[in-house]
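Subject: Structure handover

Hi,

Here is the structure I promised you. Please open it first, then read my notes below.

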Amino acid sequence: MDEEQTGGYSDICGQCGEVDWGVSDEGRFYCRSCHNVIERTKEVVDTNTLMIGTSRVSSISKGTRRKKLEQGRAWMVCEGFQFILKHQAEALLAMGVCPQFKDDVLCQFWRMYLQKSRQAYTKNPVHDGKFRLRSQGSGESDSAPESSVMSDSMMSVSETDGDGDWASGGGSVSGHTSDGGSSVCSGSIDAVSYLTPRQRRSQGLMSMPKTLALCHLALLWAREAITLADLLRFVNGGHIPYVNAYEDFPEEMRLYGRDSLIFRVESIPSYSHLHKEAQTLAVFLELPLFPPITLDCLLHPSLLTLRYLTEVNLPDELHDWVCRIMEKAGMESSVTFEPMRSRSPLPHYDVQAAALIIIAMKLLFKLDDHTEWDLSSDASDQNKENPDGNSFNLRRWYKAMQTALTTAARRQQDNIARKHWKPQKPLYTSKKDKSVVLKRRRIAEQLQLSFQKLSGSPVAPPSSPPSSFCFRWGEEEGEEVWDGPSLHHQTLDSSVRQSGASLQPSNPEYWHPALRACKPRFCKSHYAEVEATLPRMYVWLLDLFSFLLGVKPGCVYEEVLKVERRFLGSSKSQPRARATPRETQPKKLPKRKQTRKTCSR
Amino acid sequence: MDDLESELRMAGEEQGENESSDDDESINRKRIKKPNLPLAPPLFKETTREIGFHKTTRNCLQHIREVLLHHRWQDAAEYMASYSQTLEDTAANMPQLYAEIIWRIGTEILHHHPDSKLEDYNSFYERVKHSGVKHYLKVCLEHSFHLLVNGQFEDAKRQLSIAESWRYGKLSAGQSQRIRLIQAYSGFLDYFIWCDKKATASSTDEYDAAVNQEMHSYFRQSSVNLKEIMKLPGVWDPFVLSYIDMLEFYNDHEGAVKVLYDYAYDNSFPPNPNAHVYLYRYMKKHNHPLKKLLKVLKILHTLVPSHELMPEYCSLLVQSEKEGDLQKALGVVLDLLDYSSWRSNLDVWNHLMNIIKRLKMKKQWLKTFAVEMGYRKDWWLAIHFSTFQARKDSAENRELLEVKSFVVRAFSPCYTSIYCGKAARKGVTAKAQKAKRNPKQLRNIRRLRRESGQQSQD
């Protein structure tokens, strides 16, 4: 009888700890063992005023519980970042990254970061007085000397205690003395310290872009096949949590006030920004020499160029030429990263591979808006004469590629226009804003729903499964996203000729953009100035790769120049190839320097 | 031109120095490719520090504009669904602007979308109203217009009364004006409801005191609001008409005439021909003396000499026995004929013919005529009695041809030969066309034509 009336209310009595509730005549709840009356009334269902009645009662019954939740658990900002990193790592694991990546690489990097920024694993924490370390943290945290984290984690992979660290890492910093005042304007305890100008300038603090930079470094260390461009593409496609990643925080980690300035994401960082961030982070962490990128690793230029050749539907035979250029430029061995050496910047593996392909194309087809079209006319003649001939025709490739590129660019524009940025649970910076923010959220949501009803289709773009490739080339036409027939089996017969024992490109010339005086400290990119003077086909190729990698065309251009410098510099002994950029020439003189280039061998 | 160009470049470069090189590059590229068209400056520009969210909204707005121009309402609604997130922009410096964009584009889509229903409108307006306080009154008014157009008077009235009771901050000038308009429209809606009641009351045929009472209360509510708005200078045609209709129903003729007088003759109001038309029609309906009617029409004539009431004015002038009114009528007719829309109107020419006939009975009719012709002397005949005009009139309206022939004969023999001679010949050719199939007749007609040619040479 009473159980019906209490409606299954099963909280423990505050006085005696029993669960035995009864309802008094006035409708109030009381504990039958200690007769303690609590602030809960029986839910009166009034048939006349059903709506009002229930809302009143439920607001009373929720009163105490809500208050408890409002405060949540006290937590630190770095814990929040740890959660985000964990989710990002899990998303990467789901994509097929090797399982050691999370616990043995990213986790160790994170610990090193905490130690270097003196947030944990240190005897001299940055937030002195605000919190003290708990002595029973994970084994090596504070009993071992400070350097042990790094040496342990890097060298003895088998010894680490796996998944447990993800919980205890945060735990070791959460044993603070709770400060009631600070929780008024933010959910976390130390959000304020993240927002002081001095701290922000010090670069040591975590930020949302830095989570991606850390992931990138960890992927590089694990020699995984995900380049920085891929990582950004996955983030853009929502396959790796980044925008509104805080929504996955556990219930008791409440986020509001100043926290929103730290965790709110309204932009996805650019390639160059992230690259810079990763480099500074690597220096900050004082990482040792990265594992060498050998031929069996997908990040090696040899394999990466093969991947991009497939992506842009160029024939496989071109890969031989790419490899020859790579050899000449001496890029086969020195492809790793040593943060502590100032002359060894973090390489752009993906852009470098694109540059190699562009140079190979330039070598074979010259790309001066004339030669490549003559060569493709020759190829089509050859194909006509010889019905079995399967010569690569640049014009045909260009047409197919251009169509695919236009479609893809339009698709990308459309996805940008429809991208949803705003979270389900809105953030507000101050209590005053709360009602306004919530109201705006509600109105936006309702408007969205009503327009969705009109359009009759879901708002979010149909999310495709993560893929390393933007284009689909194949034989069968039936697929939905199909960009054209594959050309990878075609030969370069018409653009190559046999000379002695080796193959030579039938195009005898190679050009190089005008050389110019350049102060590497001050000027950064000259692409905007020279773009108008470059052959259109070359610019189109730069644009193609800049679209594929999501970088600026200027970035690809600079990388091509860099690789050309090494490539041509190495063959300086040849009397005709003298295009070393060390010579400085007046800006206006020759528009384009023609240098004859014969490929030795 | 060159100076401007270099100045622009200077500004761009100064900006570029503060930004990173990548950004500078994009600016330069823009500058090279930008076409030199006189376009309005874009509302949202691509800036160097644009965050991803703003990029999305900017792109989205662009897409919406494109699909709107192509009338792809379905797609537009789809993009609008994702555009609504702009309302949540935290870095917004112009949240009102976003709300307004959503309001305007959203209504446009709703108006054209094939599946939009009244509920969609209602819910949309409700949401837009609450997205920004600045537009609250305007949106309320628009909402009630929409309901009004769809015949939902009660709902429209409710919207307006909600708007009337709404207060926010200090009453700004624009706000108080809008409030007045809202009150006027609520009076207007009361009139509609009053009309409904009237129709039901008259259909039952029985005298129902309760219905009558209700009608009267609507009348009172409405008249208070309508009177209020008519005190302000402006063009209030629908309000005036509805108010007059009610006054007429309650037999308050003096009141009605006073309202119309005030509306027509208050100098602070913008000149409004309709005001005089309403006054004239009302007076005519209630048999006011001719003199008063003429007075009203005289003003209308000065305001709009080509008004459709002018032939009526003319006939009234002819009817009046007063000295000089005939001359006035002549002036009115000649004024009318100056407008191309009246040029081949049989009625007007008939008036002119009658006036000439009556004038001819007086002695100095040619002198009177010369006064009225005045500056028209040089071209009037040439424009109305050309050969082209004759051909046109004979093809379209034979009666008109005859009337005009009479008129021209009264003025000038020279133009008579041009107009009537050609017209006669044209008449012959018309016969020829009819008789084309019959060669015998054709021969006859050829002979006729030869003869008439000889005549004109003579």
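Start with one crossing in chain A. Helices α15(A) and α20(A) cross in a right-handed way. Keep in mind that this is a predicted model.

Where do these helices sit in the chain? Helix α15 covers residues 349-365 of chain A, and helix α20 covers residues 536-549 of chain A. They pack at an angle of about 155°, with their axes 11 Å apart. Angles over 145 degrees count as roughly antiparallel, so α15(A) and α20(A) are roughly antiparallel to each other.

A second pair is worth a look. Helix α13 (residues 301-311) and helix α14 (residues 318-328), both of chain A, cross at roughly 145°. Their axes come within 10 Å. This crossing is right-handed. Residues of α13(A) in the contact include Thr305(A) and Leu309(A), and those of α14(A) include Val322(A) and Met326(A). The contact has seven nonpolar and three polar residues, and no charged ones.

Next, the two chains. In chain B, 42 residues are in contact with 37 residues of chain A. Together the chains bury about 3,800 Å², with 57% of it on carbon and sulfur atoms.

How many salt bridges lie between chain B and chain A? The count is three. One salt bridge joins the side chains of Glu88(B) and Arg441(A), at 2.6 Å from N to O.

Best wishes

Definitions and conventions:
Residues are numbered from 1 along each chain as its sequence is written. Chains are lettered from A and ligands numbered from 1 in the order in which they are written. This is a predicted model: local features need pLDDT of at least 70, side-chain atom pairs count only at pLDDT 80 or more; totals for chains, interfaces and linings use all residues. Side-chain values use heavy atoms; hydrogens and water are left out. Axes are lines fitted to C-alpha atoms, for helices over the stretch in contact, and angles run from 0 to 180 degrees between N-to-C directions. Helices (H or I, at least four residues) and strands (E, at least two) are DSSP runs, numbered from the N terminus. Angles under 35 degrees count as roughly parallel, over 145 as roughly antiparallel, 65 to 115 as roughly perpendicular and the rest as oblique. A crossing is left-handed if the near helix is turned anticlockwise from the far one by less than a right angle, and right-handed if clockwise. Contact means heavy atoms within 4.5 Å. Buried area is the accessible area (1.4 Å probe) that two parts lose on being put together, summed over both. A salt bridge is a side-chain nitrogen of Lys or Arg within 4 Å of a carboxyl oxygen of Asp or Glu. Ala, Val, Leu, Ile, Met, Phe, Trp, Tyr, Cys and Pro count as nonpolar, Asp, Glu, Lys and Arg as charged, and the others, Gly among them, as polar.
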